[in-house]
Amino acid sequence: MSENKLNPDKWVKRYANYLYNYTIVRVNEHEVAQDIVSETFLAALRSKDNFKGNSTERTWLVAILKHKIIDYYRRKNSIKGSAEIQVDWHDEEQEGKWLEERVEDDRNMNIDDLIENEELGSTILKCLDTLDEKHAEIFRLRTIENYETEAICNEFGITPSNLWVIIHRARKAMVNCLEKNWIK
Amino acid sequence: MKQIFKCDEACAICDKAQYNEARFIDKLRLILHLISCKSCRDYVRNNRKLTKKVQSEIGELTPDAKAEMQRKIDAEINRNSRLQSN
């Protein structure tokens, strides 16, 4: 997981809830959010060659998701619902592709994530971004995606006691972060 | 009263309890520990708050919705591999 490779067959299990939560605070409609997440996965599959392993799989998916959310508002705000414009291609191969299918991952993406979550979105997701990457991932899988403890241990090659130590540290850091940001 | 067990262990049980993975006997031991330990009481209170916050803020997709997404992804993967083999 740490080598930043794509595993499309595991996307739904690993990221569906996270992406859904990212979306729901921005579009506020359950079904729309669900569709957007679904479309994001498909767009990601179509553009998987753009992924170079510079960011994590999740960060890259979020970048595509952002385009999908913008698309949704663009469609919604256009009178005939036809304001999707395929623009800004730079070569023939890319011509006509949707913008989100050309999202490449770069190192700045992680910073983008932080800024975005700062502006809008849930405090939980925001605090999650302040944790150590591995701790955040394990906390997210166990707490948001409801992975079984054993499944996470197998995936990361750690023992259950390692996992609980990581969860403990992550929870402590989350509590600290939430205390600072909690709207009272 | 002498501590029955250490704070580390108490916290670990409290963490597991947030995911319904603590054994009943351990939960009893935790309660006994909390009677005499202020710092663990604080930890438990915050930990429960965090669980509630996550539950209230984080929505979950239904298994059906996830299965539907998975089906679409699988179909797309199959389509791609067919295209490549042709």
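Among contacts in chain A between residues at least 6 apart in sequence, 68% join residues at least 24 apart, where contact means heavy atoms within 4.5 Å. For chain B, the share of contacts between residues at least 6 apart that join residues at least 24 apart is 60%.

This is a predicted model, in which local features need pLDDT of at least 70 and side-chain atom pairs count only at pLDDT 80 or more, while totals for chains, interfaces and linings use all residues. Residues are numbered from 1 along each chain as its sequence is written, chains are lettered from A and ligands numbered from 1 in the order in which they are written, and side-chain values use heavy atoms, with hydrogens and water left out.

The secondary structure of chain A consists of 8 helices and 0 strands, and that of chain B of 4 helices and 0 strands. Helices (H or I, at least four residues) and strands (E, at least two) are DSSP runs, numbered from the N terminus. Of the 184 residues in chain A, 51% are buried; in chain B, 36% of 86 residues count as buried. Buried means under 20% relative accessible area, exposed over 50%, and partly exposed in between, with a 1.4 Å probe and protein chains only. Chain A exposes about 9,500 Å², of which carbon and sulfur atoms supply 47%. Chain B exposes about 5,800 Å², and there carbon and sulfur atoms supply 54%. These accessible areas come from the Shrake-Rupley method with a 1.4 Å probe; for residues, only the protein chains shown count as cover.

Helix H1 of chain A, residues 11-27, is mostly covered, with 15 of its 17 residues buried. H1(A) bends by about 25° at A:Asn17, the bend being the angle between axes fitted to the seven residues ending at a residue and the seven starting there. Just after H1(A), A:Asn28 has a positive phi of about 65°.

Which residues have the most contacts inside the largest nonpolar core? They are A:Trp11, A:Leu19 and A:Phe41, in a core of 60 residues. H1(A) gives the largest share of this core, 10 residues. Domain 1 (1-121) and domain 2 (122-184) of chain A both contribute residues, so the core lies between them. A nonpolar core is a set of buried Ala, Val, Leu, Ile, Met, Phe, Trp, Tyr and Cys residues joined through side-chain atoms within 4.5 Å, and the domain bounds come from an automatic or database domain assignment. Apart from this core lies another, of 12 residues, among them B:Phe5, B:Leu34, B:Cys40 and B:Tyr43.

A:Trp11 counts as buried, at 0% relative accessibility. Leaving aside neighbours within four places in sequence, the contacts of A:Trp11 include A:Phe41, A:Trp60 and B:Ile73.

Over all chains there are 5 aromatic pairs. Rings of Phe, Tyr and Trp (its six-membered ring) pair if their centres lie within 6.5 Å; planes under 30 degrees apart count as stacked, over 60 as edge-to-face and the rest as tilted. A:Trp11 and A:Phe41 form a stacked pair, 6.0 Å centre to centre with 20° between the planes. A:Trp11 lies in helix H1 of chain A and A:Phe41 in helix H2 (residues 30-46) of chain A, so the pair ties together parts that are 30 residues apart in sequence. A:Phe41 also counts as buried, at 0% relative accessibility. A:Trp11, A:Phe41, A:Phe51 and A:Trp60 form one aromatic cluster.
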